[in-house]
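Keep the picture open as you read.

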Amino acid sequence: QVQLVESGGGLVQTGGSLRLSCAASGRSFSSYGMGWFRQAPGKEREFVAAISGSGGTAYYGDSVKGRFTFSRDNAKNMVYLQMNSLKPEDTAVYYCAAGSMYLRYSSRNYSKRDAYDYWGPGTQVTVSS
């Protein structure tokens with residue numbers, strides 16, 4: 001079992017920055033691929049970014065490439081999403097997710113919700129224009 005808790009959301013102006021954090025409980029954290037998804041009101045949950053268990057490979061959705069950076073610290077069971085140049089369309093609830101690299105998560109499905117076993121409760125990010 002893995003429990004995930006996000007933090008760092010808030011209100012920021014267009015062009016500003018935020019860093020989201022996700023703390024994971026449980027063992028063998030490095031055996032989990034991690035992902036960030038977001039969901040705006042009335043919209044489908046959207047893939048934002050993913051990172052491999054070692055942190056050596058990160059993937060990004062087209063809408064955030066070049067602005068967001070996903071990193072992880074396996075010694076602390078933490079992942080981070082640095083969000084720069086924020087836009088009003090980035091407003092959403094952001095969810096952290098973990099997928100077992102033995103059973104679910106892979107380089108072929110990291111952008112799909114099915115790649116992940118565990119989800120956090122989410123943190124709200126609001127970007128004002």
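The largest nonpolar core has 28 residues, and Met-34, Trp-36, Leu-81, Met-83 and Tyr-94 touch the most other members. Such a core is a set of buried Ala, Val, Leu, Ile, Met, Phe, Trp, Tyr and Cys residues joined through side-chain atoms within 4.5 Å; buried means under 20% relative accessible area, exposed over 50%, and partly exposed in between (1.4 Å probe, protein chains only). At least two residues of this core come from each of β3 (18-24), β4 (32-39), β5 (46-51), β7 (68-73), β8 (78-83), β9 and β11 (123-128); these strands are DSSP runs (E, at least two residues), numbered from the N terminus. Another core, of eight residues, lies apart from it and includes Phe-47 and Tyr-110.

This is a predicted model, in which local features need pLDDT of at least 70, side-chain atom pairs count only at pLDDT 80 or more, and totals for chains, interfaces and linings use all residues. Residues are numbered from 1 along each chain as its sequence is written, and side-chain values use heavy atoms, leaving out hydrogens and water.

Now for the charges. A salt bridge puts a side-chain nitrogen of Lys or Arg within 4 Å of a carboxyl oxygen of Asp or Glu, and the count comes to five. Here are some of them:

| Pair | Closest N to O |
|---|---|
| Arg-38 and Glu-46 | 2.8 Å |
| Arg-38 and Asp-90 | 2.8 Å |

Arg-38 and Asp-90 are both buried. Arg-38 sits in strand β4 and Asp-90 in the loop between β8 and β9, so their pair ties together parts 52 residues apart in sequence. Arg-38, Glu-46, Arg-67 and Asp-90 are linked in a salt-bridge network.

Note on methods
Helices (H or I, at least four residues) and strands (E, at least two) are DSSP runs, numbered from the N terminus.
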